[in-house]
Amino acid sequence: MKAVKSQLEFLGRHEIECVIIGGVAGALHGSALPTTDLDICYSRTPANLIKLATALNSVNARLRDAPSDLPFLLDEETLRKGLNFTFATDVGDLDLLGEVKGVGFYDQTVEGASSFEVLGYRFTVIALAKLLLAKRTAGRPKDMIAVAELEAILEAKGIGLED
Amino acid sequence: MRKEDEDYFLNPPPGSAAERAVEFGIDLTLTLENLRLTPEERIRKLDDHLAGIAWLKANARLKPPSKTTAHESS
């Protein structure tokens, strides 16, 4: 099982214009908290939506929060009409967010983002301070655990810890 | 990693975010271990952890309590 690796390779291979957010972003910034799904905030340009639909269909993406027998056509129009989607795919669970609560849409989320080279691809990862903001806004118990750890990492970076 | 960076996590300064994290229940030694790794190593470690959990789920079997304890059978 190489879930996160497979998900990142999927993103990199299809050159999806997106920002990695959530637990995987936390892990890349140094968090030790486990996570299983990959959350991204995606650009909603027509070209990227077409790329996303093609990519998602190639890994048999299906909605996690809908009955399995519900007819669902995954194409650019479907993505354009919606905003946030939770998919189960052949490479693992993938959450697509058009908007990150507390941060904003793609343009606000990508602003000041970090860049990490992993598995031969370069990924855009939400800035640590914005990830903290998103986690505080979400405010679920698991987010508050992440907030406590991320605040320590952010403070350490503020006093000189290198990425 | 610089010694002062390690110290921040191992001996959190009073009033620091690290101290609050420890009080919240975060094991910062795990965080420090992760920070010593490259981003790619962090992802591989995360996957290894997930693989371990998946293996346990697939292989662990709940056994009914034994009537004879190890002590009694000796």
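This is a predicted model: local features need pLDDT of at least 70, side-chain atom pairs count only at pLDDT 80 or more; totals for chains, interfaces and linings use all residues.
**Notebook: strands, a helix pair and the A/B contact**

I started with the hairpin: strand 4 of chain A and strand 5 of chain A form one, with two residues between them. Five bridges hold the pair, strand 4 being residues 85-89 of chain A, and the two strands run antiparallel. I looked up one bridge here and found Thr89(A) partnered with Gly92(A) in strand 5 of chain A.

Next I checked what else strand 5 of chain A (residues 92-97) pairs with. Strand 2 of chain A, residues 38-42, runs parallel to strand 5 of chain A, and four bridges join them. I picked Cys41(A) and traced its bridge partner in strand 5 of chain A, which is Leu97(A).

Val19(A) stands opposite Cys41(A) in strand 2 of chain A. Strand 1 of chain A pairs with strand 2 of chain A over four bridges, in the antiparallel sense.

Which residues of strand 1 of chain A point one way, and which the other? I get Cys18(A) and Ile20(A) on one side, Val19(A) and Ile21(A) on the other.

On to the helices. I looked at helix 6 (residues 128-138) and helix 7 (residues 141-158) of chain A, whose axes are 9 Å apart and pack at an angle of about 160°. Anything over 145 degrees counts as roughly antiparallel, so helix 6 of chain A is roughly antiparallel to helix 7 of chain A. The crossing of these two helices is left-handed. I listed the contact residues: helix 6 of chain A brings, among them, Leu128(A), Leu131(A), Leu132(A) and Lys135(A), and helix 7 of chain A brings residues including Val147(A), Leu150(A), Glu151(A) and Leu154(A). By class, I have 10 nonpolar, no polar and five charged residues in this contact of helix 6 with helix 7 of chain A.

Last, the contact between chains. I have 26 residues of chain A in contact with 28 residues of chain B. Helix 1 (3-13), helix 2 (22-29), strand 8 (114-118) and helix 7 of chain A each supply at least two residues of the chain A side. Which element gives the largest share of the side of chain A that touches chain B? Helix 7 of chain A does, with seven residues. That side of chain A has 17 nonpolar, four polar and five charged residues.

Definitions and conventions. Residues are numbered from 1 along each chain as its sequence is written. Chains are lettered from A and ligands numbered from 1 in the order in which they are written. Axes are lines fitted to C-alpha atoms, for helices over the stretch in contact, and angles run from 0 to 180 degrees between N-to-C directions. Angles under 35 degrees count as roughly parallel, over 145 as roughly antiparallel, 65 to 115 as roughly perpendicular and the rest as oblique. A crossing is left-handed if the near helix is turned anticlockwise from the far one by less than a right angle, and right-handed if clockwise. Two residues are in contact if their C-beta atoms, placed from the backbone, lie within 7 Å. Ala, Val, Leu, Ile, Met, Phe, Trp, Tyr, Cys and Pro count as nonpolar, Asp, Glu, Lys and Arg as charged, and the others, Gly among them, as polar. Two strands pair if DSSP finds at least two bridges between them. A residue is buried if 20 or more other C-beta atoms lie within 10 Å of its own, exposed if 12 or fewer, and partly exposed in between; C-beta atoms are placed from the backbone.
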